[in-house]
Amino acid sequence: MANLTASIYKGKITTLIGPSGAGKTTLLKLCNGLVSPTTGEITINGDSIKTLEPTLLRRRVGIALQSAPILKASVYENLALPRRLQQKDLPKEEAEQFLIAVGLAEAFLTKDATALSGGQKQRLSIARTLVNQSEILLLDEITSSLDPKSVREIEELIVQINEQFDVTIIWITHNIEQAQRLGHYTWLLKNGELIEASETEALFQSPNAVVQQFLTRGDES
């Protein structure tokens, strides 16, 4: 990616839009240490992520992907994974509360996670990030393969998590209307460069010709 200087606002939803290959996913990977920057610095509350041990960083900065990685095991085993990586246990009662937080009934704990629907798997993936009590949640096209009803439910869930837990959300979406609907702030990236970053309403009214071209033509721009 080219030189990029910008801030993500704590407790807000920032949506990332741009053509395929713009660098959106690379940016997310930089944020939780899956990729290391060759120059520059990324900080969380003033602390460089280079100073954080990788597992601690990834507990603070959770990530949920388009294709949620699900273990061939029960829903409980999937939820308990982050704690077990820390050599800790996840009490069943606490696991039930995480399910309730993402709109799944306690009875799901014993279900085979691989048998869940697409929307349910995304809810489980998000619940798993909550187990770590992440202060920042990275979302990469998490609704792109879901049916319209599931998309609405996941959107409502993310807004609820943002408001209830004061989690900072950075959300990549190819759906321009979704970005406009949910983002407090929106960034437009193209060819590895940050074209514009502002409050969502301001970006969608931007006089910048590159911004308007993308908003009109989407990934064709």
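The largest pocket holds about 940 Å³ of space. A pocket here is an open set of points on a 1 Å grid over the protein atoms alone, where a 1.4 Å probe fits, with protein on both sides within 12 Å along at least five of seven lines. The model is predicted, so local features need pLDDT of at least 70 and side-chain atom pairs pLDDT 80 or more, while totals for chains, interfaces and linings use all residues. Residues are numbered from 1 along each chain, and side-chain values use heavy atoms, without hydrogens and water.

**Largest pocket**
- Its lining has 33 residues, and Leu-4, Ala-6, Glu-41, Ile-42 and Thr-43 lie nearest the centre; a lining residue has an atom within 4 Å of a point.
- Helix 1 gives the largest share of this lining, four residues; helices are DSSP runs of H or I with at least four residues, numbered from the N terminus.
- The lining divides into 18 nonpolar, twelve polar and three charged residues. Asp, Glu, Lys and Arg count as charged, Ala, Val, Leu, Ile, Met, Phe, Trp, Tyr, Cys and Pro as nonpolar, and the others as polar.

**Second largest pocket**
- The volume of the second largest pocket is about 560 Å³, a volume being the space filled by probe spheres set on the grid points.
- Its lining has eight nonpolar, eight polar and three charged residues.

**Helix 3 and helix 4**
- The axes (lines fitted to C-alpha atoms over the stretch in contact) of helix 3 (residues 75-84) and helix 4 (residues 92-101) come within 10 Å and cross at roughly 105°.
- The two helices are therefore roughly perpendicular, a term for angles of 65 to 115 degrees, on a scale from 0 to 180 degrees between N-to-C directions.

Terms used:
Angles under 35 degrees count as roughly parallel, over 145 as roughly antiparallel, 65 to 115 as roughly perpendicular and the rest as oblique.
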